Amino acid sequence: MTDTRRRQRRGILWTVIVVVAFMAVVVAGFVHRIGLPRVMTEAEMKANGAWMFETPRDIGEFSLLDHQGRAFTPERLEGRWSLIFFGFTYCPDICPTTMSFLSDFVSALEGTEAEDTQVVMVTVDPARDTPEQLAQYVPYFNPEFVGVTGEFLDIHRFATALNTPFRKVPGEGENYQVDHSANVVLINPRGDYHGFFKAPLDLAKMKVTYRSARYLWDR
């Protein structure tokens with residue numbers, strides 16, 4: 001084989017290698033972009049039921065108890081994303097429906113999203129929802145969920161900081177109900193009030209808006 005033929009073959013080989021490498025880079029970039037959450041505009045987020053603050057809000061100090069009797073303080077909201085729902089164990093419809101929804105939601109998450117997302121139910125009925133009562137109720141929906149109670153004024157201050165009003169329905173004796181919001185509050189890994197998901201909740205919409213909110217915050 002002549003030197004000319006050898007040089008031609010080497011040239012063809014290098015051309016093929018360069019083309020294959022370029023195609024591999026293009027395909028890898030395409031796959032990577034597909035895997036990234038779609039960045040949604042504020043209007044798109046709201047249209048899908050997610051209201052995120054341009055500047056997350058400091059919710060201040062609080063001291064409550066979880067369903068295992070352990071202190072629930074700001075440190076428990078740091079280092080992960082938290083979904084907080086205000087409800088109570090004697091709630092006949094909204095609360096069990098929302099808790100089941102949140103269990104389905106976290107089960108649909110994958111990878112890092114699943115690992116660093118926690119769900120917290122804060123009672124709006126601390127007179128009846130003791131840690132023991134919450135320990136029977138909250139893990140029924142998901143053993144990883146956290147139930148939170150405390151003194152009424154402490155819970156009221158906490159709920160107020162998260163723009164989640166509630167009130168006892170008068171005139172029903174011991175079988176009273178509590179009016180409360182069905183929104184789900186989002187707390188970012190700094191422990192700040194990041195936004196909320198407005199009821200009624202939709203699994204597909206909440207998943208895509210949650211991913212977008214996380215991605216925008218992490219950028």
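1. Aromatic cluster. Phe 62, Phe 72, Phe 86 and Phe 158 form one aromatic cluster. Rings of Phe, Tyr and Trp (its six-membered ring) pair if their centres lie within 6.5 Å; planes under 30 degrees apart count as stacked, over 60 as edge-to-face, and the rest as tilted.

2. Basis of the note. This is a predicted model: local features need pLDDT of at least 70, side-chain atom pairs count only at pLDDT 80 or more, and totals for chains, interfaces and linings use all residues. Residues are numbered from 1 along each chain as its sequence is written, and side-chain values use heavy atoms, with hydrogens and water left out.

3. Overall make-up. The chain has seven helices and ten strands. Helices (H or I, at least four residues) and strands (E, at least two) are DSSP runs, numbered from the N terminus. Of the 219 residues in the chain, 42% are buried. Buried means under 20% relative accessible area, exposed over 50%, and partly exposed in between (1.4 Å probe, protein chains only). Take the contacts between residues at least 6 apart in sequence: 71% of them join residues at least 24 apart. Contact means heavy atoms within 4.5 Å.

4. Aromatic pairs. How many aromatic pairs does a search of the whole structure find? It finds eleven. One of them is Trp 81 with Tyr 210: the ring centres are 6.3 Å apart and the planes stand at 90 degrees, so the pair is edge-to-face. Trp 81 lies in strand 4 (residues 81-87) and Tyr 210 in helix 7, so the pair ties together parts that are 129 residues apart in sequence. Both Trp 81 and Tyr 210 are buried.

5. A second pair. The rings of Phe 152 and Phe 166 have centres 5.9 Å apart and planes at 80 degrees, so this pair is edge-to-face. Phe 152 belongs to helix 6 (residues 152-161) and Phe 166 to strand 7 (residues 166-168), so the pair ties together parts 14 residues apart in sequence. Phe 152 is partly exposed, with a relative accessible area of 43%. Phe 166 counts as buried, at 13% relative accessibility.

6. Helix 3 against helix 7. Helix 3 (residues 94-108) packs on helix 7 (residues 203-218) at an angle of about 50 degrees, with the axes 10 Å apart. Axes are lines fitted to C-alpha atoms, for helices over the stretch in contact, and angles run from 0 to 180 degrees between N-to-C directions. Helix 3 and helix 7 are therefore oblique to each other. Angles under 35 degrees count as roughly parallel, over 145 as roughly antiparallel, 65 to 115 as roughly perpendicular, and the rest as oblique. The crossing of helix 3 and helix 7 is right-handed. A crossing is left-handed if the near helix is turned anticlockwise from the far one by less than a right angle, and right-handed if clockwise.

7. Who makes that contact. Helix 3 supplies Phe 101, Leu 102, Asp 104, Phe 105 and Ala 108, while helix 7 supplies Leu 203, Met 206, Lys 207 and Tyr 210. By class, the contact of helix 3 with helix 7 has seven nonpolar, no polar and two charged residues. Ala, Val, Leu, Ile, Met, Phe, Trp, Tyr, Cys and Pro count as nonpolar, Asp, Glu, Lys and Arg as charged, and the others, Gly among them, as polar.

8. Helix 3 against helix 5. The axes of helix 3 and helix 5 come within 8 Å and cross at roughly 45 degrees. That makes helix 3 oblique to helix 5. Cys 95, Pro 96, Met 99, Ser 100 and Ser 103 of helix 3 meet Tyr 137, Val 138 and Phe 141 of helix 5. The contact of helix 3 with helix 5 divides into six nonpolar, two polar and no charged residues.

9. Two loop residues to look at. Is Asp 125 buried or exposed? At 2% relative accessibility, Asp 125 counts as buried. Asp 125 sits in the loop between strand 5 (117-123) and helix 5 (131-141). Not counting residues up to four places away in sequence, Asp 125 touches Phe 88, Tyr 90, Tyr 176 and Val 178. Ser 63 is in the loop between strand 1 (50-57) and strand 2 (64-66). Leaving aside neighbours within four places in sequence, Ser 63 is in contact with Phe 72, Thr 73 and Asp 154. Ser 63 and Asp 154 are 91 residues apart in sequence and 7.2 Å apart in space, C-alpha to C-alpha.

10. Backbone points to check. The peptide bond from Ala 199 to Pro 200 is cis, with omega near 0 degrees. Pro 200 lies in the loop between strand 10 (193-197) and helix 7. Asn 163 is not a glycine, yet has a positive phi of about 50 degrees. Asn 163 is in the loop between helix 6 and strand 7. At 47% relative accessibility, Asn 163 counts as partly exposed.
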